[in-house]
Structure formats: structure tokens, C-alpha cells
Amino acid sequence: STNWALGALALAAVWTVAVVVAPMLLHAAESEGSAETCVVWVTDCTVYQDWQSQVLLYSLLHGPAARPTYRVTRLISGCNDTAQQQVVDLHTKVWGDAVTLVFTPGHIYNAELDDRYPPYNRPFSVEEWVSRGTGLSPTARVVFLDPDMLLLFPLRLPEHTPVEFSLYRGPLARAEVERHLQSLRPTGQRYPYLAKRWESAAIPPSVCAPHEGHCGLTVETMNNSYSVGPPWIATAADLQQTASLWNTMTPRIRGVYRQLIAEMYAYSLSFAAVEKPHVLFEHYMVSYPEAPPDEQGWDFVSEDDDPCDPDAPAPQRRPTFLHYCELYRADAWYFNKRQVPGEKLLQCDTPLLEAPPRDFLRNKRGLERDPHVTRAIRHAYVICAVVNGINRALRFVKERLCPDGFNAGQELVIPRPRTALDDALAEF
């Protein structure tokens, strides 16, 4: 069989200087009542973020929840010429003309701050994309994702989402929410920890210069209007106003706040600087099984929603995305995206991931409920959803990369690292 070794996609030492746009664009018929929509995410040129992108692409274009009435654009930073051609060849062979690839120079280091921060590439790549022209109309909706996301339920624009399919816990009356959505106000998933850390972050309004008068946000304002993360949803016109600000503010914030979420604060403040508050929802994403009852879209995971059982009926509603950015454990099952052997995942002789039995989640739901069991159910839900989602994507990709067939066995085990507890138990 033919092996497509993606190890050559390692982060290159020589960066491309020009932005190259591969001529691939999805022109699907838009659903009734929809508007022009572009789904976008930023990655580097490593295998680690490439396999996640292949899985995300499958979920958006061909997965159970796919309704591809949107354009799909992947921004990729830091490829050298050889790696760039390999990326183009892979996407052409698997996805045809369904994806636009935009290559940008690598940007993970700020010399003035002597600061290596990989998320610098996100606002930098977005500004590059916007400055060269996105090809979108001003009112087009841009949906920003992270690569480690899976589409669980058909993506709806907020202004066309029925009330029963949206989950809003903010201070506005529903009529006011609808009025803001019809005016195309930016929206997104509420990330409460941005507000919870806002006071201690002590980010001065001066990072927004010359718009510092709009950036002295209270914790309440941050929580209600700017505590936002992927999926971020804004218009193309919004991005024209904010992309440069986002890129400029990120190193300013890193200068006073060296935490991983600096570019998320920069995104929020770039919109605050131009007085564009968000309408924040909970239903766009689940990620954290330990989330309290008033956070994330866990209320939209029903008792009959069973990603462990491939024959289970499709649920009537779900959170829109699964963001598998945490560590997940349930009994002997474990998932951590960092432990996935990405360098061999797409090779034809590499098996699919080992998946939990189809009754795994059903058995957990049969237990008497307490907070511990609720968390265990959530962990089991994520493990089944992400493992089976990855396997569906791998089958699709390998059918196109492996003309002589591929290993379809579900035998690849995600290694679970040893903990201090494991070491202690080994002494007995």
C-alpha cells in the first residue's frame, strides 16, 4: 500500500515570504434564509495541527452534521516550499476544490519582547488574509474555529437560529438579543474564565492605543459582552476594522500578561476598541466535563444522544461543536490530543483508534446520579464523540490516499501517561 508520510510537514526552519492562496473554494448552494458564511481557522505547519485539521475538515464537509453551505478556509503559517507543496497535494487529493488554503510566513516570536508564543500566528495570519482580500462581502459571516474542534450539529448563523436551538444566559431580554442578532452584532461562545481572570490580569487600557478610552472594561462588561472564544463569529466588515488591532494588541498584552490566553484577550479588546460588543451564547461548544451547570452547552446533550453507539438515532439538538482541548478519562479509556501519534496517523498501514464499546455511555447513564457520575458521563461522551469522529475522518481520508487499501482495524491505543499515583501503586 501507499503510505503518505506526513512527517515531512514538520515546522520548517525556512519560512515562505509570500502569501500563497491555493485556488480551492467551496461554492455550495446556500440554505434558505442563510447568508454568505466562511469558516476559518489558523494552524502552523506541523503534523500535530494538520491531523486535527483533516478531522475538522471531514466533520465540516462530509460528517454526520455537515451542511456545507459555507466556504472553508485554512490559514497555514510557517511552511517552507517543500512542505507547502505537500500540504497542497494532500488537500487536493482528499478535498478537491472544497477548501481554500492560505499560506502565511511563520510568526511565533517577538524579538522586542524576546517572547516565543505560538499563538502569535493566529492574529498575524488573519491580518495577512484580510489585508490581501478575503473575497467576502462586507456582511458575510466569518466563523473562527480552533483546529481541535469537531462539528457535532449543523452550523447555523445566530440570526437564523430558532430559540429552541440557542442557549443564552446573559442579561439581555430575548427580544433585545434578537434585535442585536438581526443587526449582525458579533457573537460567539462564552468563555467565562476570561472574565474571571480579568481583574487579576490587570491589562491596562493603554494596550488599545489610540482607542484606550474604550478598553477600561469592568469585569461585568467583560463577562456580558467580551468573554468570548471560538467559535468567534463576526462579519467581514468587522474584521476589516479589527484584524490589524488584534495583531497589534497581542504583543502589547504579552508585554504585561504572559499567559496562554493573551491573544484571546487581544481579540476581545480589538472589538471593544471599535465599540462592538458581542452576544455570547453557550450552545456553540462543549469541552470541559467539569464545567458548572451554567457554563457551556452541556444542557443540549440529551439522554438519548449516544456517540458511542453508531446505530443510535440522531439527536434532535446538540452543542454545535466539540472542542477537545482537555484531558478526558473514563474508566480505562483516555484521550489527550497531544498523545495522538500524528506522524503516522494518516499512513495506510496504521490502524484506526481503538474505540469504547457501544454500550459504554449507556451503562454510565444507568448509574444513580451524583456530581461524580455526571462528570464521568461527560468524559465518556467526549471520548466516544472524538474517537469515533476521528475514525470516520480517517476512513474518508485514507480511502483517497491509499489506492491499495488501508488498515481498517480499530487497534491504535492512545498511550496514557503514567501519573504519580501509578508510580505509587506500583510499589505495592
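Below are worked exercises on the pockets and disulfides of a predicted model. Residues are numbered from 1 along each chain as its sequence is written, and side-chain values use heavy atoms, with hydrogens and water left out. In this predicted model, local features need pLDDT of at least 70 and side-chain atom pairs count only at pLDDT 80 or more, while totals for chains, interfaces and linings use all residues.

**Exercise 1. The overall build**

Task: state how many helices and strands the protein has, and what percentage of its residues count as buried.

Solution. 
- Step 1. Take the elements as DSSP runs, numbered from the N terminus: helices are H or I with at least four residues, strands are E with at least two. The protein has 13 helices and 17 strands.
- Step 2. Set the cut-offs for burial: buried is under 20% relative accessible area, exposed is over 50%, and partly exposed lies in between (1.4 Å probe, protein chains only). Of the 428 residues, 57% count as buried.
- Step 3. The protein exposes about 17900 Å², and carbon and sulfur atoms supply 52% of that.
- Step 4. Look at contacts (heavy atoms within 4.5 Å). Among those between residues at least 6 apart in sequence, 82% join residues at least 24 apart.

**Exercise 2. The largest pocket**

Task: describe the space in the largest pocket and the residues that line it.

Solution. 
- Step 1. On a 1 Å grid over the protein atoms alone, a pocket is an open set of points with protein on both sides within 12 Å along at least five of seven lines; a cavity is a set where a 1.4 Å probe fits but cannot get out; lining residues have an atom within 4 Å of a point.
- Step 2. Read the volume, which is the space filled by probe spheres set on the points, with grid points joined across faces, edges and corners. The largest pocket holds about 1200 Å³.
- Step 3. Find its centre. The lining has 45 residues, and Arg122, Asp146, Leu260, Cys325 and Lys337 are the closest to the centre. Cysteine 325 is partly exposed, at 23% relative accessibility.
- Step 4. List contributing elements. At least two lining residues come from each of β2 (37-43), α1 (47-61), α3 (121-131), α5 (192-196) and α9 (262-273).
- Step 5. Sort by type. Nonpolar means Ala, Val, Leu, Ile, Met, Phe, Trp, Tyr, Cys and Pro; charged means Asp, Glu, Lys and Arg; the others, Gly among them, are polar. The lining divides into 20 nonpolar, 12 polar and 13 charged residues.

**Exercise 3. The second largest pocket**

Task: say which element gives the largest share of the lining of the second largest pocket.

Solution. 
- Step 1. Start with the space: about 650 Å³.
- Step 2. Count the lining. There are 34 residues, with Pro64, Asp306, Pro307, Arg318 and Arg392 nearest the centre.
- Step 3. Name the elements that give two or more residues: α1, β8 (149-151) and α12 (371-401).
- Step 4. Pick out the main contributor. Helix α12 gives the largest share, 6 residues.
- Step 5. Sort by type: 19 nonpolar, 6 polar and 9 charged.

**Exercise 4. The disulfides**

Task: find how many disulfides the whole structure has, and follow some of them through the chain.

Solution. 
- Step 1. Apply the cut-off: a disulfide is a pair of cysteine sulfur atoms within 2.5 Å. The search finds 4.
- Step 2. Take cysteine 45 and cysteine 79, with sulfur atoms 2.0 Å apart. The S-S torsion is about 100°, so this disulfide is right-handed. Cysteine 45 is in the loop between β2 and α1, and cysteine 79 is in the loop between β3 (71-77) and α2 (81-95), 34 residues apart.
- Step 3. Take cysteine 308 and cysteine 384, with sulfur atoms 1.9 Å apart. The torsion is about 90°, so this link is right-handed. Cysteine 308 lies in the loop between β12 (285-286) and β13 (321-323) and cysteine 384 in helix α12, so the pair ties together parts 76 residues apart in sequence.
- Step 4. Take cysteine 348 and cysteine 402, at 2.0 Å from S to S. With -95° about the S-S bond, their link is left-handed.
- Step 5. Check burial. Cysteine 348 is buried at 1% relative accessibility, and cysteine 402 is buried at 4%.
- Step 6. Number the bonded cysteines in sequence order. The pairing is 1-2, 3-4, 5-7, 6-8.

Terms used: Areas by Shrake-Rupley, 256 points an atom, 1.4 Å probe, with all protein chains shown as cover.
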